[in-house]
Protein chains: 2
Amino acid sequence: MSARILLVEDDADLARLLDRALTGEGYAVTRAGDGHTGLHLALTRPADAMIVDRGLPAVEGLDLIARLRSRGVGTPILVLSARNSTADRVEGLDAGAEDYLTKPFELTELMARVRALLRRHLDHAVQLAVPGGVLDLDHRTVRRDDGASVELSEREAALLGLLAARPGTVFSRSDLLDRVFDEAESETVVDTYVHYCRRKLGRGVISTVRGLGYRLGAP
Amino acid sequence: MSARILLVEDDADLARLLDRALTGEGYAVTRAGDGHTGLHLALTRPADAMIVDRGLPAVEGLDLIARLRSRGVGTPILVLSARNSTADRVEGLDAGAEDYLTKPFELTELMARVRALLRRHLDHAVQLAVPGGVLDLDHRTVRRDDGASVELSEREAALLGLLAARPGTVFSRSDLLDRVFDEAESETVVDTYVHYCRRKLGRGVISTVRGLGYRLGAP
DNA sequence: GGTTCCTCTCAGGACCCTCTCAGCATCCGG
DNA sequence: CCGGATGCTGAGAGGGTCCTGAGAGGAACC
């Protein structure tokens, strides 16, 4: 699941250098040598982030960004430029770029800024794998592999979340009672909620270990 | 519906200067003088963006960022620092910051970078997708897919706009109260306006997450 | 002054979640 | 194959959360 980066740079030497560095970090890099090609690629093969030189043939860098933004493309963009005045930077950022780096720059800093762009683009709520789908504790939902989304109640989510945090581990009823069902007295609640989860997500999500308790996954 | 910015800066003079400049742009600014207070405010009253000085008393700037990130707080953060080496900038960005600006800086550039942060987070796009139509914040209307146009009041538009800016995110009542209903005291206003939106646009526009709050879209 | 719309409060009732319980199914040792 | 133990499942009470209609107060406009 490597991030895809679109590099729009007309200086062949610099482009090759950046391509090599980015590829070395594990990114999938696509290169464009002019603004027109960059625009076309950005629209047809959406990337996770873009690096755009400001001085480009065909379509100028800031113009390229403005055109993308006006078409609803929200890909984070870092602008490279030799122009270093405050006014230039303000202009670049207000054109819709996320970041602005002036030449000359050090590769390590560029890489750090690219990581910052991607982190924001790709980051999302904590997600836990459960058989047949992905549990999202923030939204209290499970997005199933078939695309359907299942809503969970607070207790259902807490129960599944605890099991999913330690796949393979067997939790005893008393343990689950303590951690999930604070105020209950009878251990039967656990059974009931296991039942609820199975009814919503299939029998495979939780398996019973007779005499011991429950565990994530099919036997 | 102005953006909220949390400013964590121990230099009182600089803090006052920045506060005045940001407020002048229409942002709602909250100030913290040390890292500990900043951490607490960031967790209890989530902002749309943060500006954090690197050298802070109580909890150091990068430490503050790391702690927030480890708790799942994704608010975009701009770091201010007197340390200007490439290694310092890389360190700051890799700690989880979105941007890194070194002192001395010009106010206009800081403002442009703040705008870039906010653009990402609270998409300033005039038109936002809502289930069954498109929300136009300028005209405070929703153009529905069937062609009909629905007018919204100021609060209705603000509420829908906030939810639509982050599809999928669950907003708590207290959060919505702070951001949309500045002067109200009872959280039930939120319920009432959710009801108004649903009556105008159908039950599918906003879904309830029991015990947590509301979210854009149908379950 | 009257009208209209918007904003906010409030209270009753609807609905959902949580938990208990009892009867049935299933498993395992004898 | 039988009996006891363990787990499964549906029904239902209780309590909390949420929905929704009614209405007061204010601002804008005629």
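## A cis proline in each chain

B:P104 sits in the loop that runs between β5 (99-102) and α5 of chain B, where helices (H or I, at least four residues) and strands (E, at least two) are DSSP runs numbered from the N terminus. The peptide bond that leads from B:K103 into B:P104 is cis, with omega near -5°. In chain A, the peptide bond from A:K103 to A:P104 is likewise cis, with omega near -5°, and A:P104 is placed in the loop between β5 and α5 (107-122) of that chain. Most residues other than glycine have a negative phi, and most peptide bonds are trans.

This is a predicted model, in which local features need pLDDT of at least 70 and side-chain atom pairs count only at pLDDT 80 or more, while totals for chains, interfaces and linings use all residues. Residues are numbered from 1 along each chain as its sequence is written, and chains are lettered from A and ligands numbered from 1 in the order in which they are written.

The secondary structure of chain A comes to 8 helices and 11 strands. Of its 219 residues, 35% count as buried, a class that requires 20 or more other C-beta atoms within 10 Å of the residue's own, with 12 or fewer making a residue exposed, partly exposed lying in between, and C-beta atoms being placed from the backbone. Among contacts in chain A between residues at least 6 apart in sequence, 53% join residues at least 24 apart; two residues are in contact if their C-beta atoms, placed from the backbone, lie within 7 Å.

Leaving aside residues up to four places away in sequence, A:I5 touches A:L22, A:Y27, A:V29, A:A47, A:D48, A:A49 and A:I51.

## Loop positions

A:R140 is found in the loop between β7 (133-136) and β8 of chain A, and its phi is near 55°, a positive value in a residue other than glycine. With 22 other C-beta atoms within 10 Å, A:R140 is buried. B:R140, in the loop between β7 (133-136) and β8 (141-144) of chain B, also has a positive phi, near 50°, but B:R140 counts as partly exposed, with 17 C-beta neighbours inside 10 Å.

A:A95 lies in the loop between α4 (86-94) and β5 (99-102) of chain A and counts as partly exposed, with 19 C-beta neighbours inside 10 Å. A:A95 touches A:L62, A:I65 and A:A66, not counting residues up to four places away in sequence, and its C-alpha atom is separated by 5.9 Å from that of A:A66, 29 residues apart along the chain.

## Contact between the chains

The contact between the chains takes 24 residues from chain B and 23 residues from chain A. On the side of chain B that touches chain A, α4 (86-94) and α5 (107-121) of chain B each supply at least two residues, and the largest share, 7 residues, comes from α5(B). By class, this side of chain B has 9 nonpolar, 6 polar and 9 charged residues, where Ala, Val, Leu, Ile, Met, Phe, Trp, Tyr, Cys and Pro count as nonpolar, Asp, Glu, Lys and Arg as charged, and the others, Gly among them, as polar.

## Surfaces near the DNA strands

DNA strand C is surrounded by 26 residues, the closest being A:S153, A:E154, A:E185, B:S153 and B:E154; a residue is near a strand if its C-beta atom, placed from the backbone, lies within 6 Å of it.

By class, the surface near DNA strand D has 2 nonpolar, 10 polar and 6 charged residues, with α8 of chain A and α8 of chain B each supplying at least two.
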